Amino acid sequence: MAEFKQLKVDFPIPKMLQNDIDALEEGIKNNVSYIDCLQCEVWSSARSLDDEEKEKLIIDYYCRRRW
């Protein structure tokens, strides 16, 4: 599986989304069984971004890969 690294972006990440990304990172580091649920949280939070391209970038990076 891929090593988790947070995506570097040139736009501000809303606090709720950052919290979900941090939770996903912790879950991966701790090898929890509910990674898919954490990815769904990131997906849901990413939907609040003001730009479809930003949303797609976050969802593709964090939610469409196997950690």
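Two residues are said to be in contact when heavy atoms of theirs lie within 4.5 Å, and by that definition residues 24 or more positions apart account for 51% of the contacts in this protein chain with a separation of 6 or more. The structure is a predicted model, in which local features need pLDDT of at least 70 and side-chain atom pairs count only at pLDDT 80 or more, whereas totals for chains, interfaces and linings use all residues. Residues are numbered from 1 along each chain as its sequence is written, and side-chain values use heavy atoms, with hydrogens and water left out.

The protein chain holds three helices and zero strands, where helices are DSSP runs of H or I with at least four residues and strands are runs of E with at least two, numbered from the N terminus. Its pattern along the sequence is α-α-α. The radius of gyration, taken over C-alpha atoms, is 11 Å, close to the 11 Å that the globule rule (2.2 Å times the number of residues to the power 0.38) gives for 67 residues, so the chain is as compact as a globular protein of that length. Along the principal axes, the C-alpha atoms fill a box of roughly 30 × 20 × 15 Å.

Helix α2 (residues 35-46) and helix α3 (residues 52-63) have axes that come within 9 Å and cross at roughly 175 degrees; these axes are lines fitted to C-alpha atoms over the stretch in contact, and the angles run from 0 to 180 degrees between N-to-C directions. The two helices, α2 and α3, are therefore roughly antiparallel to each other, a term for angles over 145 degrees. On the α2 side the contact is made by Gln39, Val42, Trp43 and Ala46, and on the α3 side by Glu55, Ile58, Ile59, Tyr62 and Cys63. Those residues divide into seven nonpolar, one polar and one charged, with Ala, Val, Leu, Ile, Met, Phe, Trp, Tyr, Cys and Pro counted as nonpolar, Asp, Glu, Lys and Arg as charged, and the others, Gly among them, as polar.

Leu38 also lies in helix α2, and this residue is buried, with a relative accessible area of 13% (buried means under 20%, exposed over 50% and partly exposed in between, with a 1.4 Å probe and protein chains only). Leaving aside neighbours within four places in sequence, Leu38 is in contact with Ala23, Leu24, Gly27 and Val32. Asn31, by contrast, is found in the loop between α1 (15-29) and α2, and Asn31 is exposed, with a relative accessible area of 69%.

Key: Angles under 35 degrees count as roughly parallel, over 145 as roughly antiparallel, 65 to 115 as roughly perpendicular and the rest as oblique.
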